[in-house]
Amino acid sequence: MSKFCVSLTYAKNDADKATVAFVVANAAVASDRDTVVFLSTEAVRLSQRGYADDIAEPGFAPLRELMANFVKAGGTIWVCSP
């Protein structure tokens, strides 16, 4: 199984980029890739319970759903602590 990493630095400050990152991550994990999403800078806020609840871009599933599906499918989320 090959590895795949999505590095994300956006959250509500650019909901489209945050959403697309998890769309890509879900596609990778569904393709049997060992997949990690690395949250840094503003994206660290996505690790806070409820923060992503109101992020929804037209044409995509809500971000909270994309994140939950990613983890349920076996994906890993790393959060940069600094």
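**View 1. Overall chain.** Among contacts (heavy atoms within 4.5 Å) in the chain between residues at least 6 apart in sequence, 71% join residues at least 24 apart. The model is predicted, so that local features need pLDDT of at least 70 and side-chain atom pairs count only at pLDDT 80 or more, whereas totals for chains, interfaces and linings use all residues. Residues are numbered from 1 along each chain as its sequence is written, and side-chain values use heavy atoms, with hydrogens and water left out. The chain has two helices and three strands, where helices (H or I, at least four residues) and strands (E, at least two) are DSSP runs numbered from the N terminus. Along its principal axes the C-alpha trace spans about 35 × 35 × 20 Å.

**View 2. Helix H1 and its cover.** In H1 the buried residues are Ala 15, Ala 18, Thr 19, Ala 21, Phe 22, Ala 25, Asn 26, Ala 28 and Val 29. What covers them includes strand E1 (3-8), strand E2 (34-39), H2 and strand E3 (76-79).

**View 3. Surroundings of Thr 19.** Thr 19 has its place in helix H1 and, at 0% relative accessibility, counts as buried. When its neighbours within four places in sequence are left aside, Thr 19 is in contact with Ile 55, Glu 57, Phe 60, Ala 61, Leu 63 and Leu 66.

**View 4. The aromatic pair of Phe 22 and Phe 70.** Rings of Phe, Tyr and Trp (its six-membered ring) pair if their centres lie within 6.5 Å, and planes under 30 degrees apart count as stacked, over 60 as edge-to-face and the rest as tilted. By this rule the count comes to one aromatic pair. Phe 22 and Phe 70 form this edge-to-face pair, with 5.9 Å from centre to centre and 80 degrees between the planes. Because Phe 22 lies in helix H1 (residues 15-30) and Phe 70 in helix H2 (residues 63-72), the pair ties together parts that are 48 residues apart in sequence. Both Phe 22 and Phe 70 are buried.

**View 5. Lys 12 over Tyr 51.** The charged end of Lys 12 sits over the ring of Tyr 51, at 4.4 Å from the ring centre; a charge sits over a ring if NZ of Lys or CZ of Arg is within 6 Å of the ring centre and within 35 degrees of the ring normal.

View 6. Most residues other than glycine have a negative phi. Asp 32, in the loop between H1 and E2, has a positive phi near 65 degrees and, at 53% relative accessibility, counts as exposed. Thr 41, in the loop between E2 and H2, has a positive phi near 45 degrees and counts as exposed at 59% relative accessibility.

Methods: Buried < 20%, exposed > 50% of the residue type's maximum accessible area, 1.4 Å probe, protein only.
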